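Have a look at the model first, then read on.

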Amino acid sequence: MEIELKFPKQFFWGAATSAHQIEGGLINDWSDWEKSPKRLKHLTDNKLNHFEHISGQAANSFENTNADIACMQELNLNSYRFSVDWSRIEPENGKFDQVALDHYLNFVKKLRAHHIEPFVTLWHWPIPLWLRDLGGWESKEIIKYFDRFTQKIVSHLNSEVNFWVTLNEPTVYTGMSFLQGQWPPQKKNPFAHEKAISNLIHAHKLAYKTIKSIDQNNQVGIASHNIYFEAYKNHPINRLLKKGADYLWNERFLNKICDYQDFIGLNYYFHNQINFNLKEKHQYEKASDLDWGLHPEGIYYLLKELKKYNKPVYITENGLADKGDQHRSWFIGEILKNVHKAINDGVSVKGYFHWSLIDNFEWAYGFHPKFGLFEVDYNTFERKARSSAQYYADICKNNRVI
Ligand code: BGC
């Protein structure tokens, strides 16, 4: 017999995207980096197609917001997480573009008209060129610039928006950009890394105060990329190593901003088995097109681990690259069963945002990983539902998973 798992009333069913990955036509540090001689040489040396790795028009979402809203409607979403692009809003230091500000205002108004609650991310990685040239996240100056930008966009959209995500996965960004040297500004420098982390923490805190001072009812948090570290066979050494990993990766940033957040945004993609003798590697039954092992149970444990913060949790991202749509419905179903179990165990989970609404530009990987519930034809920009979209639409409509 099939068991029906009902979700709490007013649960937010959503999908997520970010500006750089779908909007198109952006001029920021990422778009500049994509076309830099160093990057193009890297692509050529690795026999990678340049066009596939330059965001360009992306999914053309900025030009055609209606196409995305139609996808949301087809999914029966009651919420949508997206990001505004800083370089569009403030293309020059201190000069704000009224047309861009109004574009986002009209967009959130349209969402509201369709009974879709907007969750707005203020920074999902790229920054304007002028700010990059002033030192980007390595420079303390960015704290005041981020605050000024926050003040501007939040007061402009405040009448329509209640939920604000200041920063997306700050530690993924700092790791990739300042330790691994893979993303702009491509450094491998632990000191630069620590500076960036510290500036991100301060920027968040100040932005938090600003958003609350604009409207006390605003709900503010970050989207934190947490990994489920599993201590293999519960061995004491593995447990100890897990504690360290949890602290460094999952908790350090959240602890620092603890008193400056109304909710926790959880982005869940990875499970990592901690095994000190490294002999047995975890075998995943299923993997995504990026060969990321799929481990839906992990979200249950992560949610339980977040309980100690005593804050509502929104799953601000979760998804997989799956061009053929082989595993997506299964994955969504299993993830949601685990979310339901965590809710039953007392974790206050208030929403789930699937990554992603549509196929998008997957950062350094380019366009080839397909995360979308909807497939995008990059010649016509047409959106076409993958079959998992139907599966998810049914869940969103009935507020339950079977
Ligand atoms: C990021 C997204 C990205 C997704 C899939 C998350 O870490 O926030 O921008 O597309 O993972 O890799």
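## Cysteines

Let's begin with Cys 71, which counts as buried, with a relative accessibility of 3%. Keep in mind throughout that this is a predicted model. Cys 258, by contrast, is partly exposed at 23% relative accessibility.

How many disulfides does a search of the whole structure find? The count is zero. A disulfide is a covalent bond between the sulfur atoms of two cysteines. For Cys 71, the closest cysteine sulfur belongs to Cys 396 and sits 13 Å away, so the two are too far apart for a bond. The cut-off used for a disulfide is a pair of cysteine sulfur atoms within 2.5 Å.

## Ligand site

Several side chains place polar atoms by ligand oxygens. For Gln 21, a polar side-chain atom is 2.8 Å from an oxygen atom of the ligand. In His 124, a side-chain N or O atom lies 2.9 Å from a ligand oxygen, and a polar side-chain atom of Glu 317 is 2.9 Å from an oxygen atom of the ligand. Taken alone, the ligand would expose 310 Å², and the protein buries 96% of that.

Which residues make a nonpolar surface patch of about 250 Å²? They are Ile 237, Leu 241 and Phe 276. Leu 241 belongs to helix H11, which covers residues 236-256. With a relative accessible area of 41%, Leu 241 is partly exposed.

Terms used:
Residues numbered from 1 in each chain as written. Predicted model: local features only at pLDDT ≥ 70, side-chain atom pairs only at ≥ 80, totals over all residues. Heavy atoms only, no water. Buried < 20%, exposed > 50% of the residue type's maximum accessible area, 1.4 Å probe, protein only. Patch = residues over 30% accessible without salt bridge, like charges linked within 9 Å, V, L, I, M, F, W, Y side chains within 5 Å. Areas by Shrake-Rupley, 256 points an atom, 1.4 Å probe, with all protein chains shown as cover. Salt bridge = Lys/Arg side-chain N within 4 Å of Asp/Glu carboxyl O. Helix = DSSP H or I, 4+ residues; strand = E, 2+ residues; numbered from the N terminus. Polar contact = N/O pair within 3.5 Å; in protein donor to acceptor, adjacent residues only side chain to side chain.
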